[in-house]
Structure formats: C-alpha cells, structure tokens
Amino acid sequence: MSTGNQVAIIQKDITDDVNRSLTRLQDDGLILPLNYNASNALKSAFFKLQEVQDKNGKPALEVCSRESVANALLDMVVQGLSPAKTQCYFIVYGSKLQLNRSYFGTQAVLKRLSNVKDIWANVIYKGDVFEYEVDGGREKLVKHETKFENRDNEILGVYAVVKAVDDDEILTVMTKKEVDASWSQSKTSQSVHKKFPQEMAKRTVINRAAKAYINTSDDSDLLVDAINRSTENEYDERIDVTPEEVKAEIAEHANREVIDIKPDAAPPSSKQQPAPRTKQPVDDPYGFAADVPPMQQDLDF
C-alpha cells in the first residue's frame with residue numbers, strides 16, 4: 001500500500017471517530033459557532049498535520065499515538081478553531097500530539113463565552129505613554145498613547161482588556177519580565193516567541209486575563225475543558241512555580257475526573273438517568289484509547 005493511501009486511511013478513520021464523538025457532544029448540549037464547518041476544519045487540520053514533525057524530524061502521524069491525534073482534533077472542533085485561519089497549530093510533545101491556539105484563535109474562542117463581549121490586547125513600547133490605576137481593588141486603563149515609530153522600540157509590557165456583556169472593562173497588565181517568566185515555562189522551543197514577540201506577548205496576556213472568565217462561565221463544561229487544555233498544553237502560566245510544585249501537581253491530576261462521552265451499549269430512554277462520570281487518563285479526556293486500535297507506526301514518509 002502506498003504512503004498516500006496509508007495516510008488517507010488514517011485520516012478517514014480518525015475523522016470518523018472525531019465526527020462520532022462530536023455528534024455525541026452536540027447531543028449533550030455543545031453548540032458550535034453558526035458559521036463553523038467542522039468537516040472543513042478537519043480536512044485543513046490533516047493537510048497541516050502532514051507537515052508537522054517532532055524534534056527529530058519524524059512525521060507527527062508516525063510518532064504520535066492515534067488517541068492523542070483524535071483528542072487534539074476534537075479539542076480543535078469543540079473550540080470552533082480552524083488551522084486554515086491560523087487560529088491553531090499542532091505540536092508533537094513526546095509521543096503525543098497537542099493543540100495550541102494562536103493569538104487569533106484565543107480571541108475567537110473567548111468571544112464564544114456567554115459573559116465575554118470582546119477582548120483585545122496591546123503592546124507597550126518604550127516611548128509610549130501608558131497609565132493605569134487601581135480602583136476598588138481592580139486595575140483600570142487610564143491612557144495609552146503610542147506612535148507608529150515606537151513599534152521598533154523595546155517592548156516594556158503588554159496588557160489585555162476583557163469587555164464583559166455589561167460593558168464593564170477588566171484590565172490585565174504584564175511587564176516584559178513577567179511575560180518572559182511565563183515563556184520560560186514553555187514546553188516547546190521559544191524560537192516563535194523571539195520571531196513574533198508582539199503577537200506572542202498579546203496571546204500570553206490574553207490567556208492570563210481570560211482565566212477567571214473561562215472558569216466562571218455558564219457555557220458548556222466541554223467547551224471550557226477544551227479551552228483550558230489548549231492553554232495548559234503550552235504554558236504553566238504561574239510565574240512562581242517550583243519544580244517540586246510541578247511534580248506535586250502532576251501526581252495530583254494524573255487521574256483527574258473528566259466527562260465520559262463513550263456511548264452505552266444501547267441508547268438510553270428518556271426516563272433513564274445519565275451515565276455516571278468516570279475517570280479517564282488526563283492525556284485521553286475523550287476516551288479514544290478504548291475505542292480505537294493503535295495507529296500504524298511504520299509509515300514510510
């Protein structure tokens with residue numbers, strides 16, 4: 001069988017698995033954006049995946065477990081993201097495929113939350129006039145004046161503003177030192193941070209600003225879980241984290257409880273109680289490992 005046929009079979013099998021799981025999630029109340037086409041997003045994702053390699057130059061579809069590929073793709077469609085719009089990208093981390101959001105993707109997914117009207121971020125350059133105040137314990141933007149030529153100057157900091165549905169604006173500010181500390185927790189190479197520091201700094205502060213909104217949202221737990229996983233895939237955002245805390249957190253959450261979306265043997269009647277929540281491994285939140293055979297590992301790319 002040719003390499004192209006092997007990839008096509010893998011793509012069809014995993015796409016079918018993801019679509020079945022997505023249908024179950026929608027039956028459980030997940031609502032996708034009105035203009036979002038999951039099928040097109042999956043096709044675009046597999047096109048991008050054929051270009052993704054691990055640090056040794058091996059293709060992602062060869063080294064990554066099948067369930068991790070399916071989980072990453074399902075997290076993508078749950079959040080309504082599209083690789084074609086540069087809203088997300090994929091990273092190989094060991095034998096697992098992980099989904100990361102771009103700055104544009106983070107903006108798009110946060111605007112889906114019912115309590116967020118808008119969100120934006122700006123970089124503070126040397127030479128800018130930036131003022132903020134603390135009013136009632138909350139930071140508020142007073143003034144930010146900049147000039148076009150300042151964009152080539154040193155980055156001093158970055159801030160994000162979350163506009164709630166009641167038009168209340170919440171400010172989050174980070175100094176460049178705080179941004180660098182966050183980047184130092186990255187699981188992957190920081191070359192992209194050095195190449196696109198403005199956009200990466202904006203994404204970092206937006207991720208931090210959005211945490212409270214994400215976890216207090218009335219939206220679907222499935223959407224919130226997917227957003228949090230994509231954020232956690234790249235950074236431990238705490239700037240005061242120690243190696244001991246990391247080890248303790250890994251041990252504590254190694255078998256954390258997640259929603260079990262695997263179908264029952266027979267469809268439940270309207271009078272039956274929902275299936276109880278069960279524990280899945282943290283690296284397989286959707287239960288794909290139990291549903292699919294191992295991915296073929298000997299592709300000749």
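Author: Two strands count as paired if DSSP finds at least two bridges between them, and in this predicted model strand E4 (residues 129–135) and strand E5 (residues 138–145) pair in the antiparallel sense over 7 bridges. Within this pair Tyr132 stands opposite Leu141 in E5.

Reader: What makes E4 and E5 a hairpin, and which residue in the turn has a positive phi?

Author: E4 and E5 form a hairpin with 2 residues between them, and Gly136 in the turn has a positive phi of about 65°.

Reader: How do you know that strand E6 (residues 155–164) is joined to E7 as a pair?

Author: The pairing cut-off is at least two bridges, and 7 bridges join E6 to E7, which run antiparallel, so the two strands meet the criterion for a pair.

Reader: Why are strand E3 (116–125) and strand E7 (169–175) said to stand at the edges?

Author: An open sheet of 3 strands has the order E3-E6-E7, with antiparallel pairing. E3 and E7 each have a single partner strand, so one side of each is left without a neighbour in the sheet. From one strand to the next the twist averages 15°, and helix H6 (residues 176–183) packs on the sheet, touching E6 and E7, with its direction making about 80° with that of E7.

Reader: Why is Val158 called buried?

Author: Val158, which is found in strand E6, has a relative accessible area of 0%; buried means under 20%, so Val158 is classed as buried. Leaving aside neighbours within four places in sequence, Val158 is in contact with Asn122, Val123, Ile124, Thr172, Val173, Met174, Val179, Ala201, Lys202 and Val205. Val158 and Lys176, 18 residues apart in sequence, are 7.2 Å apart in space from C-alpha to C-alpha.

Reader: What makes Asp75 count as buried?

Author: The relative accessibility of Asp75 is 6%, and the cut-off for buried is under 20%, so Asp75 counts as buried. Asp75 lies in helix H4 (residues 66–78) and, apart from neighbours within four places in sequence, is in contact with Leu99, Ala226, Arg229 and Tyr286.

Reader: Why are H6 and H8 called roughly perpendicular?

Author: The axes of H6 and H8 come within 10 Å and cross at roughly 85°; angles of 65 to 115 degrees count as roughly perpendicular, and H6 and H8 are therefore described in that way. Val179, Ser182 and Trp183 in H6 meet Pro197, Met200, Ala201 and Thr204 in H8, and the residues of this contact divide into 5 nonpolar, 2 polar and no charged.

Reader: How do you know that H5 and H8 are roughly parallel to each other?

Author: The axes of helix H5 (residues 103–110) and helix H8 (residues 197–215) come within 9 Å and cross at roughly 20°; angles under 35 degrees count as roughly parallel, so the term applies to H5 and H8. H5 passes H8 in a left-handed crossing. The contact is made by Tyr103, Thr106, Gln107 and Leu110 of H5 together with Glu199, Lys202, Arg203, Ile206, Asn207, Ala210 and Ile214 of H8.

Reader: What is the division by class of the contact of H5 with H8?

Author: By class, the contact of H5 with H8 has 5 nonpolar, 3 polar and 3 charged residues.

Definitions and conventions: Residues are numbered from 1 along each chain as its sequence is written. This is a predicted model: local features need pLDDT of at least 70, side-chain atom pairs count only at pLDDT 80 or more; totals for chains, interfaces and linings use all residues. Side-chain values use heavy atoms; hydrogens and water are left out. Helices (H or I, at least four residues) and strands (E, at least two) are DSSP runs, numbered from the N terminus. Axes are lines fitted to C-alpha atoms, for helices over the stretch in contact, and angles run from 0 to 180 degrees between N-to-C directions. Contact means heavy atoms within 4.5 Å. Buried means under 20% relative accessible area, exposed over 50%, partly exposed in between (1.4 Å probe, protein chains only). Angles under 35 degrees count as roughly parallel, over 145 as roughly antiparallel, 65 to 115 as roughly perpendicular and the rest as oblique. A crossing is left-handed if the near helix is turned anticlockwise from the far one by less than a right angle, and right-handed if clockwise. Ala, Val, Leu, Ile, Met, Phe, Trp, Tyr, Cys and Pro count as nonpolar, Asp, Glu, Lys and Arg as charged, and the others, Gly among them, as polar.
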